[in-house]
Every structure is written in C-alpha cells, then in structure tokens.
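Here's a quick briefing on how the inside of this protein is put together. Have the model open while you read.

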Amino acid sequence: MFISFLIKHQTTLTIFFISLILCILGSGQYPIYILDEAKNAEAAREMLMNGNLITPYFNNSLRTDKPPLHYFFMILSYKIFGINAFSARFFSGVFGALTMVTSYYFVKKFTNKINALIFILILWSSVFFVQEFHLSVPDPYLIFFISCGLWNFYNFQCTKNPISLWTFYTCLGFGVLAKGPVAIALPGLICLIYLLATKQFNFKTIFKNKPLLGLLLILVIALPWYIMVHIKTNGAWTQGFFIDHNINRFGSKMEGHGGVFLITWAFVLLGLMPFSFFTFHAIKHAFLNRTNTLTLFALITSIIFIAFFSISGTKLPNYTMPCYPFLAFLISLYLVKAFQNNKKKTGITIVVILITILSVLLPIAGKLALTNEKSLSQISHVAFWLMPTSIMTLIGLIFYIKNRFKKSFYSIAIGWIILAPILFLIIYPKLTAQSPVEVAKNKLPTNSNILFFKSMDPAFPINFKQTFEIAKDVSTVFKFIETHPEGFIITNHRNDYKLLEADNRLELILEQKAIFENHTTRIFKSKN
C-alpha cells in the first residue's frame, strides 16, 4: 500500500523534496544577523532555557511582537539539532516546501501538468521568496497556513469535500497563532468578495460553509495561548501586540518602514523576480478570463493582499507573500497562453529584454555595492558568482529571439533557480563573516565577561547563547570594569560611544560596521 502511494504521488513527492532542498540549503552556513531573525531565534532560545512555553522574552525583556507558533517549532528544532542557525531556520524551510507542494497540487488538480510545471518553476526561481524560507521569522508559517487555507476554501466550493472546509478553518487557527488577526481578516475578506463576485453569497452557501463552527474551531486552536499569556503578563503582552504591533503598525509606519503605496508593488516585483515583471500582463489576462472561477479567486487574493498593504502605514517586503502562490499562478496562466500562441508580442519582448538586462547587471551591481561598503570591499570579488544567472538568462534571450519560447522560459528559470544555492552557500557566508557579531566571536575569548553600553546589536544574544546586561550610564560601566578587569564593553550607539572613547581608562579594540546598515559595533576594554 505504501509503495503504491509513492508511485501514485511520485511527482508531488519529487516537487516537495526539491522545494525542501531549495528552502533549507545553506541555512546553517551563515550566522543569524538580521534584526528580526535574531530577536525571534533568541526569544525561542530563552523560552527553551527558562522552560517557559507561554511568555516570550528577548534578552530578558518581554517581547510582544509576535504570537508563539514559530517559537514552538524553533524550540523543537533546537532540541533535535541543538541551538544554531540551521535549527532556527529549519522549520521555516519545511513550511516553505509545504507551501510550494500544496500550491502545486491544487494548480495541477484544477488545470494541467504543464501549467503546474510552469507555476512551480516560477516559485522556485523567485529567489527572494525562497529566501524568506531561510529566515527564523514567523512569516514562513503564516504564508503556508494562509495559502493552504485559501486553496482548501476554493476546493471546498468546487467539490463540497468537508475535509477541505475544516482544513481551511484549521489553517486559519494556526495562522492566528503564527501572526495574529491578519490570518482571519484577509482570508475572510477574500472569501467574502469571491462569494459575492460569483453570486454565491446567500443563506444556503453560508450554511454550507459553517462559519460559526469554523470560528469556534479557530478559537479552540488559538485562544488558549492568548488567554494564558494575557494572564501571565497582566495584560502587557496583549496591549503590546494588539495595539502597538497591529493597530499602530497598520495606521502608521513603524521602525522607519513606511512609504507611498507604490512601494508595496515594488516589493511584489522584487519578491517574485524575475517573472514578476509579467505581473501586470498576468493581472490583465486574468481579468479578461475571470469567468474561470479559479482565475477569479487567484485574482481576488492577489489584489486584496497588495491593496491592503499598499494602504498600511507600515510596509515590508514579506507582508504580501501569502498571495505569491496565487499571483505566480496567474503569471503561469499568462505564460502558458503565450507559449500556445507562439508569437512575439511587444509586451513580452520588453519584459524578456528587461529580465536579461537585470540579470546581466547583477554581478556588476553586486561588485559596486560591495566595493562601496567599507567592511566588505576586500571580498567584492564574490559578486562574480552571480554570473551563471547572467549567462543562463542571456541564453534564454537567444532562445526567445529564435521563437523557442518554452526553452527561453526554462533557461531563465534555471538561471534564477541556481542563484539561491549560490547566495546561501557561497555569497552569504562570505558577507556575514564580516558582520560585527562574527568578528566579535573571533576576537573575544570564550566565556568572556561582557557588558553592553546604551544599545546592542540584537544578533549578539543568539550567537553568544546568553543574555546581556545593558548599562544606561558610564558609572555602571566602570563598576563592571572594577569587578571584571578583563571584561569587555560593547556598544553600537551612534553617539554615546564617544563617552567611552574619550575616557583614558578604556581602549578601543574593535570597530566593525554592520552589513548594509547604519550602525557600528565598538568593543572596549580596560587599559589596566
């Protein structure tokens, strides 16, 4: 029976394993250094060390940014693989593979094999989408639960299979545990608009979709933890999460992540690059063919996500990613139609040329960017590892000129698919070796006594596997030095480091700028 299952689903299983390799390859080859990654991975480590699965902390301070689902998976991974970068990112990769294979399954089910193949190649070649599943953040979990839930909602509307309906509500429940009310609000709005657009919004349809029982299931999954954390923190976590990180994040920009509505569209073009440049063609094609219910559903999903986060005060590249499988599906529909027509169109020609120019400029732009970054200029040559993508895209252009459209697509797709392993196995390890936390680890003796002054690079706790005291004034610094004469003072404060630099009792032993960020970590020690 098991053998027959493998044979029947061998293509789907192959898609899953290729997706898994893409999404976890290189995850342990470079350290955790990005702010969000560092805070999430460290919060999970502290929950594990403290034996506390309810209240998240970062460096012993309450962390109200996110619900706990990703912490739970990271804790499980820490127990299996130990506390390291690979462990923190492992389940992000697993959920990335699940996102891709689930989407592939439904695209194949409702269209055909060729459409499903083009679709999955678009996702695999979207290097920034693949990169999201290499991060120890909650978004990979949210992306899976929202996309899987929506696919199952559509499947239920077509087949009336109750398993799909309850899978939909279950996914929303875990989505709420992954990132909060957005996991109900946007899918709920999408489903409502879809039912209205297809003239199915009536009492009979509402009854069949069992929304009250579905809401009850969502609450059974998500509500217990929210109640427990509310009680344990006397409402502090609830206040911080729902007010600061939901209402305020939507109403105004936070942490400098704002901008005009067009930024969200730019993030989408970046996130599904290179084939994202067909987005506007694909949306137009989908609108003209909206009588197909799956096309209409994918169109509504894509537009709702992009429109919602276009008007949000805070804008980040990952916010629209749950709709990427649906937008990739629309792009695949458009490209399959173009293959069938087998005729050059001005719009397609412009996009192919644009992708080619962008691909050719990749190593040049990378070289210039690294050269201009002082701490990375000595390794700027790693940018030439981007050349295989340039070469494969140029070959794709040649195929396109010769009217061999499918081979052109496959060549471009392969060129961008191999970009991910190049980044994660070669380029990122080289770059992050120059990050302040990595340089500090090589500079400081093991088990050093360390005090931070005023502010800290968030990557230090997870990489040093400990929490740190942060001194607010100079007097605390010298009390620390008196107690620990061989200790180190570290700061990345933009101005107040001068208070330490001006004191003749201390000497600066390391100064390292953060990678592509505007702060510098400085390490001092006593001259005595």
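Predicted model: local features only at pLDDT ≥ 70, side-chain atom pairs only at ≥ 80, totals over all residues.

Residues are numbered from 1 along each chain as its sequence is written, and side-chain values use heavy atoms, with hydrogens and water left out.

**Nonpolar cores**
- A nonpolar core here is a set of buried Ala, Val, Leu, Ile, Met, Phe, Trp, Tyr and Cys residues joined through side-chain atoms within 4.5 Å, with buried meaning under 20% relative accessible area (1.4 Å probe, protein chains only).
- The largest one has 129 residues, and M100, F275, F278, L330, I331 and L335 touch the most other members.
- Helix 17 supplies the largest share of this core, 13 residues; helices (H or I, at least four residues) and strands (E, at least two) are DSSP runs, numbered from the N terminus.
- Another core of 30 residues lies apart from it, and its members include I32, I83, A440 and I462.
- Setting aside neighbours within four places in sequence, L330 is in contact (heavy atoms within 4.5 Å) with A282, A286, T295, A298, L299 and S302.

**Enclosed space**
- On a 1 Å grid over the protein atoms alone, a cavity is a set of points where a 1.4 Å probe fits but cannot get out, and lining residues have an atom within 4 Å of a point.
- Grid points are joined across faces, edges and corners, and a volume is the space filled by probe spheres set on the points.
- There is 1 cavity of 30 Å³ or more, and the largest cavity holds about 150 Å³ of space.
- Its lining has 14 residues, with L335, F339, I348, V352 and F405 nearest the centre.
- Helix 17 (324–341), helix 18 (346–372) and helix 20 (405–417) each give two or more residues to that lining, and helix 20 has the largest share, 4 residues.

**Helix 22**
- In helix 22 (residues 436–443), the buried residues are P436, V437, E438, V439 and A440.
- They pack against helix 21 (419–432), helix 23 (459–464), strand 6 (506–513) and strand 7 (520–526).

**S164**
- S164 sits in helix 9 (residues 162–179) and is buried, at 4% relative accessible area.
- Beyond its neighbours within four places in sequence, S164 is in contact with N152, N155 and F156.

Note on methods:
Buried < 20%, exposed > 50% of the residue type's maximum accessible area, 1.4 Å probe, protein only. 1 Å grid on protein atoms, 1.4 Å probe; cavity = no way out; pocket = protein on both sides within 12 Å on 5 of 7 lines; lining within 4 Å.
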